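Please look over the structure below before reading the points.

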Amino acid sequence: MKMSKGCAIVTGASRGIGAATAFELSKIGLPVVVNYNSNEKAAAAVLDRIRQNGGDGMIFKCSVAERDQVNAMTKAAAERYGTISVLVNNAGVSQIKLFTDITPEEWRNMVGVNLDGVFNCCQSVLPYMIHEKSGRIINISSVWGVYGASCEVHYSAVKAGVIGLTKALASEVAPSGITVNALAPGCIMTDMLRDECDEQTVSELANDTPLGRLGTPEDVAKAAAFLAGDGAAFITGQILGVDGGFR
């Protein structure tokens with residue numbers, strides 16, 4: 001599919017799943033807004049790769065937890081590309097910690113980025129999509145939002161919240177021709193996983209995955225590109241596991 005109208009916004013796109021998704025969306029003809037919060041150099045590298053492959057885009061610094069910043073990003077994207085066709089809510093933080101040790105500040109930060117961020121971005125782009133009677137919203141949840149993870153209660157809770165938001169919003173905006181779906185990645189080899197797990201744990205996670213390996217950011221990105229494409233026009237309100245059969 002070659003898309004020509006509007007652009008895609010991918011949050012948290014300077015690395016990992018977000019970076020891979022930005023590149024995949026550019027391959028189907030979408031200019032991509034590569035959102036980042038701290039690593040401008042990495043975001044610029046993602047944009048360079050997109051341009052070297054014949055695509056277009058821009059980088060934009062923005063904390064998705066801050067509504068004013070999100071609104072500035074969507075406005076800049078719409079002014080440059082006419083409208084917003086696709087939103088991928090990928091930005092997120094994670095933490096491994098006993099539930100009894102989670103501080104109120106850590107809880108609020110988890111909710112602020114992983115759930116408030118999805119709320120902020122969806123509400124900010126929807127006027128553009130409703131005006132066009134078209135749009136795709138793809139939220140990145142997690143297998144832990146489906147099953148829950150010990151020592152990741154706050155992370156599991158917000159990712160479950162993303163699933164609930166996805167299903168409800170899909171019903172609400174479907175009459176406007178907008179689809180809303182979520183991906184629930186399993187164990188994906190990203191910098192975030194490397195930061196949190198030692199080699200033994202990574203090996204155990206791979207062994208616990210029925211397909212016998214960890215997923216890659218590209219595995220998730222290709223699923224996101226599918227949901228953004230014409231082949232997913234009649235799919236909404238769904239939670240697609242990209243997990244290698246992990247349960």
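The points below take the helix packing and then the aromatic side chains.

1. This is a predicted model, in which local features need pLDDT of at least 70, side-chain atom pairs count only at pLDDT 80 or more, and totals for chains, interfaces and linings use all residues. Residues are numbered from 1 along each chain as its sequence is written, and side-chain values use heavy atoms, with hydrogens and water left out.

2. Helix α3 (residues 67-81) packs against helix α4 (residues 104-132) at an angle of about 35°, the axes being 9 Å apart. Axes are lines fitted to C-alpha atoms, for helices over the stretch in contact, and angles run from 0 to 180 degrees between N-to-C directions. Helices are DSSP runs of H or I, at least four residues, and strands runs of E, at least two, numbered from the N terminus.

3. On the α3 side the contact (heavy atoms within 4.5 Å) is made by Arg67, Val70, Asn71, Thr74, Lys75 and Ala78. From α4 come Phe119, Asn120, Cys121, Gln123, Ser124, Val125 and Tyr128.

4. One aromatic pair is counted, with ring centres required to lie within 6.5 Å, and planes under 30 degrees apart called stacked, over 60 edge-to-face and the rest tilted. The ring centres of Trp144 and Phe246 are 5.5 Å apart and the planes stand at 90°, so this pair is edge-to-face. Trp144 lies in helix α5 (residues 143-147) and Phe246 in the segment after β7 (239-242), 102 residues apart.

5. Trp144 is partly exposed at 21% relative accessibility, whereas Phe246 is buried at 7%. Buried means under 20% relative accessible area, exposed over 50%, and partly exposed in between, with a 1.4 Å probe and protein chains only.

Note on methods: Phe/Tyr/Trp six-rings, centres within 6.5 Å; stacked < 30°, edge-to-face > 60°.
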